[in-house]
Amino acid sequence: MLKRFLGQFLLNLGELEGDYRAFHLKDDISQSRFYILIATVSVLIMMGTDAVLHRSRPGLFLWLVISRVGFALISILVMLVTRRTGKVRIYDRLMLGWMSFVILFLLLFNFTRPADFITTSYDVILPFAIYIISPLKLFYSFALAFGFSAGTIYIDYFHKTGIDPATLNMVLFAQLVVHILGLGSAIQIKSYRRKSFKAYMQEKDAKEMVAYLASIDPLTKSMTRHQFFNIAESEFRRFSRYHRQLSVLVLDADHFKNINDSYGHYVGDLVLRSLSLVALEQKRAQDTFGRLGGEEFGLLLPETNLDQAKVVAERVQKAWAQTPCNVDGRLIFSTVSIGVAEANAQDTSFEDVLRRADRMMYKAKEAGRNRIAAE
């Protein structure tokens, strides 16, 4: 019921929920370690109050000192463990366990206070702090804060004596107010974080989509010339530095002008798209296929020597020759001429390799088209 109630105010991220927590995990860990440090120092400082309240009971005072030092050691251990945590689920369990330990520790210490002594200040501050700084889900934060308040009220009403009923009623009222304010503040903070994360992801997705659209030729669905050359230059630098094999194919649709003149540019566009799709189907995952301009395409083949590149060229050539373009029930057959070149030590840039492949492509054209020419 509480989850449904809180769900009305918090933005539902759906499949992004895991990404949201993972995105904030590093910051949550840093903040949690800081809060744990503050809590540890505060608990140790309270030994001064213990000395004043229990000066006549040295045995109890010694037990309180040992307990506070034990609290500090456990908290330091939690800080060290969270520093090495890389999973949200483990982090949540650590924080839930530590915060439960803190609440139990403070409630037990409340029993050691004099019967007419109430700790209204931190009894109010702690629930509010849980709501504000807790990295856990709102349901768990509420359960922890409510558990501490319930324990505090139980101790004040049933284990304290000599306290004015009006004071107790004020304590109860203060707890009610702090839960209303704390829960409202927590909802606002978490809602803001979730909305900010969703806006960030939407902007990130939009940028990635723009980058993708800018790198893809809208007609042929192959890479644009600019993107193709970016990848090709990177591969050529790898070839130059590590002496890895690198080959390139230049493909050009045969008699494309005749197709445009005979059937129109619409059909010509369909032929180019079909040729591109065939090449994309025949290439390997590590290969890069792009449109160089007009009816000319390039296929970059990393880790491939000249003989292996010729095998790829033959595969593309045969597949295209056997794949007519269907336009309104009319089958239009086309062929492709392919030039093949492998990068060598004399090449100073990728353009040198591409220029040789382009020259081989024109050689295939001159030899009668529908051919492969390799240097």
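Which strands does helix 12 lie across? Select residues 306–321 to find out. Helix 12 lies across strand 1, strand 3, strand 6 (336–342) and strand 7. Its direction runs at about 170 degrees to strand 6. Keep in mind that this is a predicted model.

**Stop 1**

Five of them form an open sheet with mixed pairing, in the order 2-3-1-6-7. Strand 2 (288–293) and strand 7 are the edges. Each has a single partner strand, so one side of each has no neighbour in the sheet. Neighbouring strands are turned by 20 degrees against each other on average, direction ignored.

Zoom in on strand 1 and strand 3 (residues 296–302). The two pair in the antiparallel sense, over 7 bridges. Pick Val-248 and look across: its bridge partner in strand 3 is Leu-300.

**Stop 2: helix 10**

Select residues 256–263, which are helix 10. Colour Phe-256, Ile-259 and Asn-260: these are the buried residues of the helix. Look down the axis. The buried residues fall within an arc of 95 degrees, so they line one face of helix 10. That set packs against strand 1 and helix 11 (265–282). Turn to the other side, where Lys-257, Asp-261 and Ser-262 are exposed.

Stay with Asn-260. Why does Asn-260 count as buried? Its relative accessible area is 15%, and buried means under 20%. Leaving out residues up to four places away in sequence, Asn-260 touches His-265 and Gly-268.

**Stop 3: two positive phi values outside glycine**

Go to His-243, in the loop between helix 9 (225–242) and strand 1 (246–253). His-243 is not a glycine, yet its phi is positive, about 55 degrees. The residue is exposed, at 67% relative accessibility.

Then jump to Arg-369. Arg-369 sits in the loop between helix 13 (350–366) and strand 7 (372–374). Here too a residue other than glycine has a positive phi, near 70 degrees. Arg-369 counts as partly exposed, at 31% relative accessibility.

**Stop 4: aromatic rings**

Show the aromatic side chains. The structure holds 17 aromatic pairs. One of them is Phe-101 with Phe-105, a tilted pair with 6.2 Å centre to centre and 40 degrees between the planes. Both residues lie in helix 5 (residues 88–112), 4 residues apart, about one turn of the helix. Phe-101 is partly exposed, with a relative accessible area of 25%. Phe-105 is buried, at 8%.

Select Tyr-154 and Phe-158. Their ring centres are 5.2 Å apart and their planes stand at 40 degrees, so this pair is tilted. Both residues belong to helix 7 (residues 138–158), 4 residues apart. Tyr-154 is partly exposed, with a relative accessible area of 45%, whereas Phe-158 is exposed at 62%.

Ring pairs link Trp-63, Phe-71, Phe-101, Phe-105 and Phe-109 into a cluster.

**Last stop: a charge over a ring**

Finish at Tyr-20 and Arg-194. What sits over the ring of Tyr-20? The charged end of Arg-194 does, 5.2 Å from the ring centre.

Methods: Residues are numbered from 1 along each chain as its sequence is written. This is a predicted model: local features need pLDDT of at least 70, side-chain atom pairs count only at pLDDT 80 or more; totals for chains, interfaces and linings use all residues. Side-chain values use heavy atoms; hydrogens and water are left out. Buried means under 20% relative accessible area, exposed over 50%, partly exposed in between (1.4 Å probe, protein chains only). Contact means heavy atoms within 4.5 Å. The arc is that of the directions from the helix axis to the C-beta atoms. Two strands pair if DSSP finds at least two bridges between them. Axes are lines fitted to C-alpha atoms, for helices over the stretch in contact, and angles run from 0 to 180 degrees between N-to-C directions. Rings of Phe, Tyr and Trp (its six-membered ring) pair if their centres lie within 6.5 Å; planes under 30 degrees apart count as stacked, over 60 as edge-to-face and the rest as tilted. A charge sits over a ring if NZ of Lys or CZ of Arg is within 6 Å of the ring centre and within 35 degrees of the ring normal.
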